[in-house]
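Here's a quick briefing on one protein chain, with the sequence and the 3D view just below. Have them open while you go through the points.

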Amino acid sequence: MLFNDFLQMKVDKTINLEQDGFVFCPKSGECYTLNSLGQTILSWIKSGDTMDIIKQKILEQYDVSEVVLDADLEDFIALCVRYRLVED
């Protein structure tokens, strides 16, 4: 999957995202725990931010190269899609 495929993702409306990074997916019955950045990214997606906006926010807040960020974001979003936490 290409990064551009994720430009406008949405958090599945049935997902329960807690302040401590705990995520419950009623569709699968699975629970997940996200680190603080993963939680923040899902929150940004939930609020309607595009991947381009999310990428810019991360670049402003963290010391990371754009190349590394692109790869990491793509991996994270692919996992979110795989576990049905986000939808397009």
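Helix α1 (residues 36-46) and helix α3 (residues 66-82) have axes that come within 12 Å and cross at roughly 70 degrees. Keep in mind that this is a predicted model. Crossing angles of 65 to 115 degrees count as roughly perpendicular, so that's the label for α1 and α3.

**Where the helices touch**

- On the α1 side, the contact is made by G38, I41, L42 and I45.
- Helix α3 brings L73, F76, I77 and C80 to that contact.
- Sort the residues of the α1 contact with α3 by type and you get seven nonpolar, one polar and no charged.

**The sheet**

- Three strands make up an open sheet, ordered β2-β3-β4, with antiparallel pairing.
- The edges belong to β2 (16-17) and β4 (30-33), each of which pairs on one side only.
- Strand β3 (residues 22-25) runs antiparallel to β4, and four bridges join the two.

- R84 isn't a glycine, yet its phi is positive, at about 60 degrees.
- You'll find R84 in the loop that links α3 and β5 (86-87).
- Is R84 buried, exposed or partly exposed? Its relative accessible area is 41%; buried means under 20% and exposed means over 50%, so R84 counts as partly exposed.

Technical notes. Residues numbered from 1 in each chain as written. Predicted model: local features only at pLDDT ≥ 70, side-chain atom pairs only at ≥ 80, totals over all residues. Heavy atoms only, no water. Pairing = 2+ DSSP bridges. Axes fitted to C-alpha atoms, helices over the stretch in contact; angles between N-to-C directions. Parallel < 35°, antiparallel > 145°, perpendicular 65-115°, else oblique. Contact = heavy atoms within 4.5 Å. Nonpolar A, V, L, I, M, F, W, Y, C, P; charged D, E, K, R; others polar. Buried < 20%, exposed > 50% of the residue type's maximum accessible area, 1.4 Å probe, protein only.
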